[in-house]
Amino acid sequence: MEKYWYWMVPALFGAVVLTAFVVNHLAPAARKRLRRIVILYVLYVASVVGAFGLAESGNAAWAGRFQISAHLFEQFTIVNVVATVLFDAVLPRAKLAVSAILTDLIVGVAYIVVGISAMHQGGMHTSDVVTTSAVVSGVLALSLQATLGNILGGVAIQLDGSVHVGDWIQLENGKQGRVKDIRWRHTVVETRDWSTIIVPNAQLLAQNITILGKRGGEAVPQRMWVYFQVDFRYPPSRVVKVVADAIVGAPIERVAKDPGPSVICMDLARDGKDSFGLYAVRYWLTDLAVDDPTSSLVRARIHAALRRADIPLARPTQSLFINPDNAGDLELRESRHRDQELSALNCMTLFDSLTLEEKETLTHHIRFAPFTAGEVVTRQGAVAHWLYILESGDVEVRTKIEGATETKLVATLSGPNFFGEMGLMTGEPRFADVVAKTDVDCYRLDKAGFQEVITKRPNIATEMSKRLAERRVELIAIRDGLDDEARKAREKKEQAHILENIQNFFGLK
Ligand code: CMP
């Protein structure tokens with residue numbers, strides 16, 4: 001009889017007690033493993049006692065069998081004690097979590113090794129043991145095909161490392177969740193609404209799953225979209241700026257700073273039916289577990305920004321706007337437009353000498369014409385159809401210099417101001433490019449309107465020719481490099497020339 005059991009039984013008892021202590025303190029979640037250890041230890045002790053008893057009573061054959069089983073249970077207990085302490089207590093503490101499947105695989109391999117060695121020690125031939133195990137495995141494999149598919153799926157997922165515990169995934173049916181555990185047969189996915197999806201591993205491998213917020217194994221924030229709708233009469237550039245300023249202006253919890261959020265106009269009048277522009281705030285979510293609450297914070301920020309800027313969210317498209325054929329309403333709307341146009345004209349020093357009545361005549365000939373930053377409003381050399389009344393925003397007057405590829409800046413005009421008068425009033429081609437530097441609100445006045453006024457008050461031509469001459473000479477000075485003296489002389493000459501041109505063009509002579 002093996003002497004070493006006299007010390008091995010108490011030693012293993014000590015190890016089991018120590019393991020229980022460690023697990024209770026460091027990994028209470030692994031307590032259920034303790035039960036397995038205790039059962040193995042009890043079977044071990046029972047086998048030892050049985051082996052001693054049978055040896056005493058002279059039954060050597062059965063005593064031998066009990067010895068083999070005592071060896072087996074001893075080894076199994078040791079394997080379990082080591083695995084529990086290592087995989088449940090020590091490695092997680094060192095932030096080296098090993099998945100359940102890998103732990104089980106290691107323990108399983110250890111079982112086979114110690115099992116074969118125990119049987120070998122007990123006098124069995126290793127080749128017999130291996131052959132018997134192979135036959136048993138074959139029979140099991142045939143009868144448990146589906147289960148084995150899942151098990152192999154689980155092993156494959158673990159080994160190729162495509163999905164990890166903690167990853168956020170989206171299944172083919174659109175459900176999203178965080179991988180809680182990859183088990184032998186299935187993968188446990190916890191959704192945001194506190195449900196748990198059990199996906200058989202074979203199925204998980206067969207479908208296209210999306211790993212959220214990860215690229216090339218690197219964690220990246222997930223891109224989110226928050227849509228909102230604004231009446232399409234509000235200029236998109238303004239809506240975008242108002243919302244972007246508010247979103248970027250101060251941080252929002254869980255919204256990544258880099259890459260930062262952005263605002264875009266997605267569509268105007270979707271399908272040609274909706275009476276709103278569709279906008280979206282795109283942001284990068286740093287914590288996938290809190291997606292909706294973060295979108296809600298973003299929506300609140302959008303709402304407040306639009307309220308401050310007096311831009312209402314669009315009414316639902318189902319709303320029916322009934323415009324009765326009401327002449328009063330129409331007139332009211334038109335008079336509102338005329339008021340706006342009149343106030344634009346009133347801001348223009350160019351029209352200071354016009355009476356109110358003359359200005360009102362002009363309002364029938366002007367049209368609102370906004371431009372966004374970067375747009376070319378007039379092109380040098382083009383035929384002039386309009387004079388532009390710049391209500392707000394900045395434009396750059398640029399001229400082409402012969403031989404140069406780039407245009408040269410002549411002047412920057414800020415609203416209220418005007419431009420395009422040279423072409424309109426003299427009939428000559430445009431003298432320069434005018435490019436919107438910022439988003440600008442403009443009105444365009446056509447030639448017929450101007451003709452009406454100038455025919456009534458021909459001396460406007462004289463007043464304006466001076467302004468025109470100043471601008472034109474400034475432009476020529478930049479283009480041809482004139483000094484101050486040459487400039488003054490040129491101004492006088494140009495004024496006379498321009499006046500003549502205006503009078504000819506409008507038939508005032
Ligand atoms: P027009 O020639 O019709 O088109 C280009 C416009 O640029 C021109 O009318 C003027 O209104 C404007 N412009 C040209 N030169 C100057 C200048 N020196 N300062 C301000 N505006 C100018």
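Reader: Let's start with I389. Which residues is I389 in contact with, leaving aside its neighbours within four places in sequence?

Author: I389 is in contact with A344, L345, M348, F351, I366, N417, D441, C442 and Y443. Contact here means heavy atoms within 4.5 Å.

Reader: Okay, and what sort of model is this?

Author: A predicted one: local features need pLDDT of at least 70, side-chain atom pairs count only at pLDDT 80 or more, and totals for chains, interfaces and linings use all residues. Residues are numbered from 1 along each chain as its sequence is written, and side-chain values use heavy atoms, with hydrogens and water left out.

Reader: Back to the inside. How many residues are in the largest nonpolar core?

Author: That core has 45 residues, and I389 is one of those with the most contacts inside it, along with F351, F371, L387, F419, F450 and I502. A nonpolar core is a set of buried Ala, Val, Leu, Ile, Met, Phe, Trp, Tyr and Cys residues joined through side-chain atoms within 4.5 Å. Buried means under 20% relative accessible area, exposed over 50%, and partly exposed in between, with a 1.4 Å probe and protein chains only.

Reader: And what lies apart from that core?

Author: Another core, of 25 residues, including V230, V243, V255 and V263.

Reader: New topic: the ligand. Which residues come nearest?

Author: Out of 16 residues around the ligand, the nearest are G420, E421, G423, R430 and F431. To be near, a residue needs a heavy atom within 4 Å.

Reader: What do E421 and F431 put by an oxygen atom of the ligand?

Author: E421 has a polar side-chain atom 2.7 Å from a ligand oxygen. For F431 it is a backbone N or O atom, also 2.7 Å from an oxygen atom of the ligand. R471 has a backbone N or O atom 3.0 Å from a ligand nitrogen.

Reader: How much of the ligand does the protein bury?

Author: Taken alone, the ligand exposes 450 Å², and the protein buries 99% of that. Those areas come from the Shrake-Rupley method with a 1.4 Å probe; for residues, only the protein chains shown count as cover.

Reader: Which elements give two or more residues to that shell?

Author: They are β15 (407-414), α12 (421-426) and α14 (459-480). Helices (H or I, at least four residues) and strands (E, at least two) are DSSP runs, numbered from the N terminus.

Reader: Now T399: buried or exposed?

Author: T399 is buried, because its relative accessible area is 0%. T399 lies in strand β14 (residues 394-400) and touches F431, among others.

Reader: Last one: which peptide bond is cis next to P416?

Author: The one from G415 to P416, with omega near 0°. P416 sits in the loop between β15 and β16 (417-419). Most peptide bonds are trans.

Terms used. A polar contact is a pair of N or O atoms within 3.5 Å; within protein, one must be able to donate a hydrogen and the other to accept it, and residues adjacent in sequence count only if both atoms are side-chain atoms.
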